[in-house]
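Let's take a walk through this protein together.

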Amino acid sequence: MRAHKLMLLLGASLSGLVFGLVFGAPAQGQTLQEAVASAFSTNPQLEIERYRTDIARESLDLARSAGMAQVNLSASGGYEYIDTNSVPNFGTGDRPIASMQLQAVQPIYTGGRVSAGIRQARAGIDSADRTFVASRQDLVLDVVTAYVDVRRDRETVSIRKNNVEVTGEQVRAAEDRFEVGVVTRTDVAQAQARLEGARAALAGAEAALQGSEAFYEFLTGQKPGDLAPPPPLPPLPLDIETAFVNANENNPSIQAAREDLKAAGAGVDIARADGRPQISVVAAAGLQETWSDPSRRDTSVSAVAQGRIALFNGGAVNAQVNAAKLQREQARRRIDAFETQVRAQVAQSWYGYSASMRAIEASRRQVEAAEIAYEGAKEELAVGVRTTLDVLDQEQQLFEARLALVGAERDAYVAAHQLLRAVGGLDTIG
């Protein structure tokens with residue numbers, strides 16, 4: 001209902017020269033969806049996170065391979081010199097030899113290392129996937145903010161330019177009235193001072209616009225052209241408590257931290273496995289041949305079970321287990337930190353959105369009242385009831401009200417998307 005209310009408010013026509021941020025521009029031009037798609041295809045940080053997910057998937061294959069048979073083939077060739085007085089090899093001398101061995105090792109019991117490694121790798125994949133989703137949503141929020149910042153700053157420049165033009169007309173009118181003795185030099189100076197202030201404000205607005213356009217280009221890889229109105233907001237949570245629940249369940253940063261905890265728990269089991277018995281089956285086949293005597297050939301085939309258990313390792317296993325436990329506790333604390341942080345983000349964006357909605361309503365009423373007051377002040381100046389300063393003050397209030405309305409519209413749209421990011425619902429636009 002709040003989202004629906006926002007679109008109704010932003011869809012209403014604005015007074016005077018105000019063109020609302022959401023419904024104030026022509027429908028043609030680049031859309032927000034196109035800007036997000038462009039950012040997805042060109043942003044280097046997103047590419048980094050995508051590689052991270054690919055690396056995590058390779059880690060799963062590596063973990064599985066630890067439980068599979070390892071087969072090795074080794075070979076050697078060269079010369080051998082034997083000097084012996086044993087019978088019947090007396091005075092054998094030099095001889096060329098070659099040997100080859102094929103060995104296969106199949107782990108039977110690894111103390112839980114293999115299964116824990118697979119669990120750790122799977123948790124790492126899930127964590128990488130959630131982190132990638134978080135990066136996508138962060139990028140979407142950045143693009144949304146940059147998009148509406150450009151639109152806001154363009155409207156601000158337009159309002160500031162109009163302020164300069166109107167104030168310039170007031171200066172010329174004051175000078176004309178001064179020439180006929182209706183006003184004093186003070187009135188003219190006051191109008192000129194307001195004009196220079198309007199020019200300075202315009203310069204600041206133009207600088208802000210250039211910065212917004214540069215950041216937009218950095219995110220999307222293209223200069224902002226005519227930006228179409230952004231799409232309506234998707235449904236928002238009905239109340240702040242629902243938003244808290246959704247964030248706790250769906251925020252990708254929290255989800256990634258929970259997967260990191262699973263990986264850390266598996267790391268404890270991996271560390272413990274080093275202190276447990278290791279059992280493998282080893283099969284080997286060997287061949288050794290003397291080239292100078294083709295009839296001389298030695299072959300061997302064996303299959304044995306090997307067991308190993310660490311009796312003393314200087315405390316290395318205990319240290320590894322303790323370190324892994326600390327990493328698991330660190331991962332648990334990281335979840336707590338993310339949950340607290342996200343809860344604060346939900347509250348901040350929720351109340352910021354609510355305040356911006358009220359500001360939009362108040363700013364609209366302020367613009368309407370300021371327009372009436374400005375027109376009345378001009379008429380009263382013409383009959384001598386008001387001074388030039390009175391008219392300048394009313395004019396300034398009108399322009400400030402218009403700027404406040406533009407800013408409130410931008411703040412409401414951004415705050416709503418910040419809320420969607422906090423609850424994990426900002427992967428797409430429109």
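Start with Asp149 and Arg410, which form a salt bridge whose closest N and O atoms are 2.6 Å apart. Since this is a predicted model, treat that value as something computed from the predicted atoms. Now look at where the two partners sit: Asp149 belongs to helix H4 (residues 113–179) and Arg410 to helix H9, so the pair links parts that are 261 residues apart in sequence.

Next, let's see how some of the helices pack. Two packed helices are described by the angle between their axes and the distance between those axes. Keep both in mind for what follows.

Stay with H9, which covers residues 388–422, and find helix H8, residues 316–382. Their axes come within 6 Å and cross at roughly 160°. That makes H8 roughly antiparallel to H9, because angles over 145 degrees count that way. The crossing of these two, H8 and H9, is left-handed. And what kinds of residues make up the contact of H8 with H9? Sorted by class, there are 24 nonpolar, 10 polar and 7 charged residues.

H9 has another neighbor to check out: helix H5 (residues 185–220), whose axis comes within 9 Å of the H9 axis, with a crossing angle of roughly 15°. H5 and H9 are therefore roughly parallel to each other, as angles under 35 degrees are counted. Here H5 passes H9 in a right-handed crossing.

Now go back to H4, the helix that carries Asp149. H4 packs with helix H7 (residues 252–273) at an angle of about 160°, and their axes are 8 Å apart. Are H4 and H7 roughly parallel or roughly antiparallel? With that angle, H4 and H7 are roughly antiparallel to each other. The H4 and H7 crossing is left-handed, and the residues of their contact divide into 10 nonpolar, 8 polar and 8 charged.

Which strands supply at least two residues each to the nonpolar patch? Strand E1 (70–82) and strand E2 (93–109) do. Val71, for one, is found in strand E1.

Technical notes:
Residues numbered from 1 in each chain as written. Predicted model: local features only at pLDDT ≥ 70, side-chain atom pairs only at ≥ 80, totals over all residues. Heavy atoms only, no water. Axes fitted to C-alpha atoms, helices over the stretch in contact; angles between N-to-C directions. Helix = DSSP H or I, 4+ residues; strand = E, 2+ residues; numbered from the N terminus. Parallel < 35°, antiparallel > 145°, perpendicular 65-115°, else oblique. Left-handed = near helix turned anticlockwise from the far one by under 90°. Nonpolar A, V, L, I, M, F, W, Y, C, P; charged D, E, K, R; others polar. Salt bridge = Lys/Arg side-chain N within 4 Å of Asp/Glu carboxyl O.
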